[in-house]
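Hello,

Here is the structure for your files. My notes follow below it.

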Amino acid sequence: MTGNPDATDFRDPQLARRILARIHEVSQTPIRLMEVCGTHTMSIFRSGIRSLVPETVSLLSGPGCPVCVTDQGEIDAFVQLAQNEDVIVATFGDLIRVPGSDSSLQKERASGRDIRIVYSTLDALDIARKTPEKQVVFLGIGFETTAPTVAASILAADAMGLKNYAVLSAHKRVVPALFALMETPGVCIDGFILPGHVSVIIGADAYRPLFDRFQIPCALAGFEPVDILSAVRLLAECIESGAPQLANAYGRAVTAEGNPKALAVMDQVFQTEDAAWRGLGIIPESGLAIRPEFGRFNARNVFSLNIPDTPPPKGCICGDILRGVKTPPECALFGTRCTPISPVGPCMVSSEGTCAAYYRYQLS
Amino acid sequence: MATDVITLDHGSGGKLSHQLIAGTVAPLFDNPILSRLDDGAVFAVDGARLAFSTDTFVVDPIFFPGGNIGDLAINGTVNDLAMCGAEPLYLSLGLIIEEGFPFGDLKRVLQSMRDAADAAGVGIVTGDTKVVPKGAADKLFINTSGIGRIRKGVNVSAHRAAVGDPIILSGSMADHGMAVLTQREGLAFETDLVSDTASLNGMVEQMLAVCPDIHTLRDPTRGGVGSTLNEIAAAARIGIRIYEDRLPVKKAVAGVCELLGFDPLYVANEGKLLAFVPEDQVQAVLETMRSHPRGKEAAVIGQAVSDHPGRVVMETPIGGTRIVDMLAGEQLPRIC
């Protein structure tokens, strides 16, 4: 058995340079490629790929940073929950600094509210078990990558008979967002670099309806420089030859049907619902709501939460950036009023946000 | 959103820490010695040049693989003095102990301090102890201050880093920060990462013996190599160019960083240094470092340049370039 290739093979500088040479050779017409996933965005910036591809290739960052697409109203609801003295909020670290309309989880934590950064939902369950006198609420954000583990935590809480654990689900599905994006006027995308982690769960076939409908070249990609460059090369070749493809360039991790166990757990706990996305508005069937039979674990029920319909901060063009219509330097706030230490919009503060990536990594 | 209270980001060693010090603390006490904002103060007393430094330790957990808060507190101040080019002489010790703290643990910590002080060749010559009510401090906080003597002809400061200087890093990045982080409650996987906490004064003494004209020394503690290089670039008004494939990171450390979404460039080190040295003496310094146990893996990771003053730019292994900015706030584990 030769085993799986080591990730370092996909960082091989010589191989990367050969693929880059091929991209330079193939790419003639200007093309706009969108990397959907925030982890891709960071990998592209951190490896300096943007400084290496030909001028004909524009790389746009899409709506794939979980924090960035979370609606302002949902962020405000997270903060409201944290202000409840009977609640311990458990969250992944990314959400801590995201500005709500009046406060942030970070500010609430500094004022003494009980907000715990956890590494997995198991930690949140553990907190609930150890502090029965408090209600523990896990803030469920993210795509199909994280939704199965959150679903599993609800099943585990049910099995353990935990009465003080709930989830505020703001989970979202990737494919409906891509449909919405393609149907949005003014959006101009010639090809998609499709997410790696999400696709491990949902499988390559999940993108078939999108591909069939729009005949847009798509390449599923891993996160190493060679993975991403291979996807760019594939897309450039497809576009130049006029023969669109849905290609799986991350075959070492992604199968056609995805991870059936994870999908089953997700389906058992969640049902789809229309959901509000920052910058994209309401997208049909794009959210994951907790099914009524698990209603006692749904923070919206437990706390009778009404998610406020809050407009995004004035002047913030996160929406245009998430659609790939504008780039961060085109925002009047970028680098002046909006910086990573004093962010106006989530794209500047999230570790996977496009504005943060431009601010931190891009040479002007 | 500006905050009107202190947050943990103000203690991260990144931009907000910098703003707190440069914007709120330093202006109030403004004087020529403080305003250099090096790792310690340097001044002359009756003709002798002295370095004076202080550091406070609040690490959680207080015991971690490779050390504990005690040896960390000795090595930290010893290293701050060494980074001024000084030979550390005497340290003070301040203990803030939470009511209920086990006596046995205190003895263990103090013994480690004694051992670390002996290893570094410094004496603890004065001290203070306070006990606070349960909950008013987290187990044990330690402050150490120290003074050291600077030899004639030695003038080490961030301001002296000059265009053309090769930049040496003494060994692997992020060992301490990741070793401590993976010990915290809530991280449900086991690793064998070990902190690099160690005193560096012995190696620095040898480095200065072969090259008294070392321009800059810094130990990249909080904020990591990335933030420290930014501080030097700003202080000396130079550009810095580093090469990603020359940055040493242990495989296990890199793996955990990747899993949690941490960049090793911003993770704390407690036994490593960065040196900016005159180009014609880099080989001599490098050889000296490599022959010392603390600098076996010393490598030139980049150089000071005249382009992009105040900025640190990194060349990636595939030949791309990107900025290495100063850390904005504490690094937080990501979602996926």
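In this predicted model, 29 residues of chain B are in contact with 45 residues of chain A. Two residues are in contact if their C-beta atoms, placed from the backbone, lie within 7 Å. Two elements of chain B give two or more residues to the side that touches chain A: α1 (15-25) and β14 (321-323). β14(B) provides the largest share, three residues. Helices (H or I, at least four residues) and strands (E, at least two) are DSSP runs, numbered from the N terminus.

By class, this side of chain B has 16 nonpolar, nine polar and four charged residues. Ala, Val, Leu, Ile, Met, Phe, Trp, Tyr, Cys and Pro count as nonpolar; Asp, Glu, Lys and Arg as charged; the others, Gly among them, as polar.

On confidence, the model scores ipTM 0.84 and pTM 0.90.

Now one residue of chain A. Val53(A) lies in the loop between α2 (38-47) and β2 (57-61) of chain A. Val53(A) is buried, because 22 other C-beta atoms lie within 10 Å. The cut-offs are 20 or more for buried, 12 or fewer for exposed, and partly exposed in between. Beyond its neighbours within four places in sequence, Val53(A) is in contact with Ile23(A), Leu59(A) and Val232(A).

Residues are numbered from 1 along each chain as its sequence is written, and chains are lettered from A and ligands numbered from 1 in the order in which they are written. Local features need pLDDT of at least 70 and side-chain atom pairs count only at pLDDT 80 or more, while totals for chains, interfaces and linings use all residues.

Best wishes
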